[in-house]
Amino acid sequence: MKVVVVESPAKAKTINKYLGSEYHVLASFGHVRDLPAKDGSVRPDEDFAMSWEVGSRSAKHLKAIADATKTASALILATDPDREGEAISWHLLEALKQKRALKKDTPVSRVVFNAITKSAVTEAMQNPRDVDMELVEAYLARRALDYLVGFTLSPVLWRKLPGSRSAGRVQSVALRLICSREMEIEKFRSEEYWSIDAGVKVASHAAFDSKLVVLEGKKLDKLDLGNEASAMAAKTIVETGNFTVNSVEAKPTQRHPSPPFITSTMQQEASRKLGFAASQTMRAAQRLYEGINIGGETVGLITYMRTDSIQMVGEAVHEARAAIHKRFGAEYVPEKPRFYKSKAKNTQEGHEAVRPTSFFRHPDSVNLSGDEKKLYHLIWNRAVASQMQSARQERTTIELGHDKTILRAVGTVTLFPGFLTLYQEGRDDAKNETDNQLPKVSVGENAIISDINAEQHFTQPPPRFTEASLVKEMENLGIGRPSTYASILQVLQDRDYVTLEKKRFVPDDKGRVVVAFLENFFARYVQYDFTAELESQLDQVASGDLNWKKLLGDFWNHFSAAIADIADLRVTHVLDALDEALGPHLFPQADGEPDPRICPSCDDGRLGLKLSRYGAFIGCSNYPECKFTKPLSNKGENGDAPVAKDETLGTDPDTGLEVFLKTGRFGPYVQLGTEDKPKRGSIPKSWPVDQVDLAQALKLLNLPREVGPHPEDGKMITAAIGRYGPYVHHEKTYANLPSIEDVFEVGLNRAVDLLADKRAKKGGRAGAVVLKDLGEHPETGKPMQVLDGRYGPYVKHEKTNATLPRGTDPQTVTVEQAVEWISAKAKKAPAKKKPAAKKKPTAKKKSTAKKKPVTKKPT
């Protein structure tokens, strides 16, 4: 029998059905080995030797693969079609060799497929290859770099900057982007400017809007009308003018569709259109890739979701065109198929774009719900639109003049919508274009000007990054890889370096201090160009153009020298540098205001950055005489402004009781009513407190939420938030949920899957998986089940567990057999021991020594 190894257990079941009984498909459950989180896992002095360790959770999966491989006629490594997948295949091969589970004459091959469909899997099996060692070496180099930076730089941070958590090769650069943007916002000084708009009516045509663009011969720039006086003077000139149509220009234009998704654009659009976090998008995409049951067969709905490629294979392009013709008509199908070419450097090895596995599988025809349904709709629309006809539009410009003053009106009319019928790409921080149809007017016609309006504006600072715009910026700079963006953004939040407020990243003080430290003492390693160049070198390793150990050697020589340079640097020197760097942020000087560094307590000392074992704070230079201190910011526990106590949010429509927002010793919470023991709910840390409304409060107060009855026993599954985060619960099993929002959205099917995965991972009989329900015991009427436990399958009845005889198929166990095994097991059970009698205290032995005579004192 041939053994096939994939990463996911769900994928294993599906592929086993496709391949038939000649194959045995097993899951590795992701990586089977990793670098131990301790010193010495990567040893530069030993030519960058690396020590790998099989994780405790991976050991049993690796053992199952090894046991199957010992008698296999062939080993086929079918892990995911990316660099991580190639690395997992290599790790499996190395681990099996160490276990001596692989015979010398057992053929080993590597296959890849971009979609979990029968045709894709069958075709992959017909085109095996060897493990690509160049991709593996690129993985080894990347893993070693991340380890060397993390395990060398983080301890320096802990010593020189108490309270900091960690630093990472890409993580720190992403943090610098967020902090730099915040510094731009703080330095920004808003400027006043005015605009003049006017309504225009020409003959009997419909009225339209215009804007003043030239004033007495001078073309107006954005800030030229800088105050109310200049704006009113310009308004007067327009009011007293006699305007005629100077020119009419109509230009035909075309808008072309965007290419199908790659990983990063999928994350960006899901953020803009669906409000998904990057990690939320990837979880939903993973489930779509692994597939759903259609007609009794599990089918993957999309191609592999970690990709840099914007190409679709020819068969997919032709199917998309056929689907467009059927659904929209021939006029929406372009004359020739569209083929896209990536503008990005170092596009990874030949994958496909993210697309549906079948374009005739419309989102409305597939039984999906929640995040998966929304994301599949987005992927389907984008991929289909990429092969549709361009939109034809007409851009019309009308200029009206009086003397040397000009009003301008611009309108865009869509003549044929093309792909816009189905999809229009979202934008960050900009309004989408809308049609503004202008009337057909002629040059020389007189115009009546009315509704002249002078409007005041102020320039705006650059916006903070959303998840979508940050991913786009990292991609443009060549920082990181699409498969890592979601985890990088999550780590920054987990480390309390940044907070997501109103879906935008705000750096916390801890994050700003870390960035200031790195910019002052490790500037090279947080430079965008340096990080992008390192990514480029890793791509050269993957293509075979650069030796991976040479890359590591060059990096380590400079990096270790930088670490040595700071080793003897005193914390006071670090403080001085950070105090100067963060001064404009910590002590902003307002015009006409006193020096913000003067201590408000003693009026003599100067405020500056201080460090303690718990992190950074602001303190007085006269310490210990003056003990004035304050935190770096005036934020509350959740990074928000302090909450006023007993703020009323509204009334609960079910009970008629008022809902309050309060702050207690353990942080902010919501409360229903004011009776003796009112119902309360803590506000999650990821929720900005000042934005909590009545609807959110009622959601918290209604926890735990009933998800639905478990299909196996009918007992209720609930979702709630505990001290360790969000979870679903059934009987004695608790399974973590990825986000707070999942508590209110998770459906029954997903909850059952999460609980089953938790039981499977937990191992042991407490978390055993039910293999077969046998019904009631004929004597007791209590249920009997066959379960799969840590040590193999067994029968359970009340408190008796009877192991199945070796070689017995759990699915063939009968009630009679189960009763016999349980009875035999119960007879073997040792009788309960009587409690041991309490021992009497041992009497002290009389001393054999002679007693001294007692001498009486004289009275």
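Helix 10 is followed by glycine 329, whose phi is positive, near 110°; helices (H or I, at least four residues) and strands (E, at least two) are here DSSP runs, numbered from the N terminus. The structure is a predicted model, in which local features need pLDDT of at least 70 and side-chain atom pairs count only at pLDDT 80 or more, whereas totals for chains, interfaces and linings use all residues. Residues are numbered from 1 along each chain as its sequence is written, and side-chain values use heavy atoms, with hydrogens and water left out.

Helix 10 itself comprises the 15 residues 314-328, which at 1.5 Å a residue should span 21 Å, and the 21 Å between its end C-alpha atoms agrees with this; the expected span is 1.5 Å times one less than the number of residues. Its buried residues are Ala316, Val317, Ala320, Arg321, Ala323 and Ile324. Because these cover an arc of only 160° around the axis, they lie on the same side of helix 10, the arc being that of the directions from the helix axis to the C-beta atoms. On the other side of helix 10, Glu315, His318 and Lys326 are exposed. Buried means under 20% relative accessible area and exposed over 50%, with partly exposed in between (1.4 Å probe, protein chains only). The cover over the buried residues of helix 10 includes helix 11 (370-385), where contact means heavy atoms within 4.5 Å.

Leaving aside its neighbours within four places in sequence, phenylalanine 522 is in contact with Leu153, Val156, Phe517, Ala562, Ile563 and Ile566.

Among the sheets, one is an open sheet of four strands in the order 2-1-7-8, with parallel pairing, and two strands count as paired if DSSP finds at least two bridges between them. Its edge strands, strand 2 (23-27) and strand 8 (108-110), each pair on one side only. Neighbouring strands of this sheet are turned by 20° against each other on average, direction ignored. Strand 1 (residues 2-6) and strand 7 (residues 74-77) pair in the parallel sense over four bridges, and valine 5 stands opposite leucine 77 in strand 7. Helix 3 (residues 83-98) lies across strand 1, strand 7 and strand 8, running at about 150° to strand 7; axes are lines fitted to C-alpha atoms, for helices over the stretch in contact, and angles run from 0 to 180 degrees between N-to-C directions.

A further open sheet consists of four strands in the order 27-28-29-30, with antiparallel pairing. Strand 27 (705-709) and strand 30 (733-736) stand at its edges with a single partner strand each, so one side of each is left without a neighbour in the sheet. Strand 29 (residues 725-730) pairs with strand 30 in the antiparallel sense over four bridges, and the bridge partner of valine 728 is alanine 735 in strand 30.

Finally, strand 33 and strand 34 form a hairpin with two residues between them, and glutamate 798 in the turn has a positive phi of about 50°.
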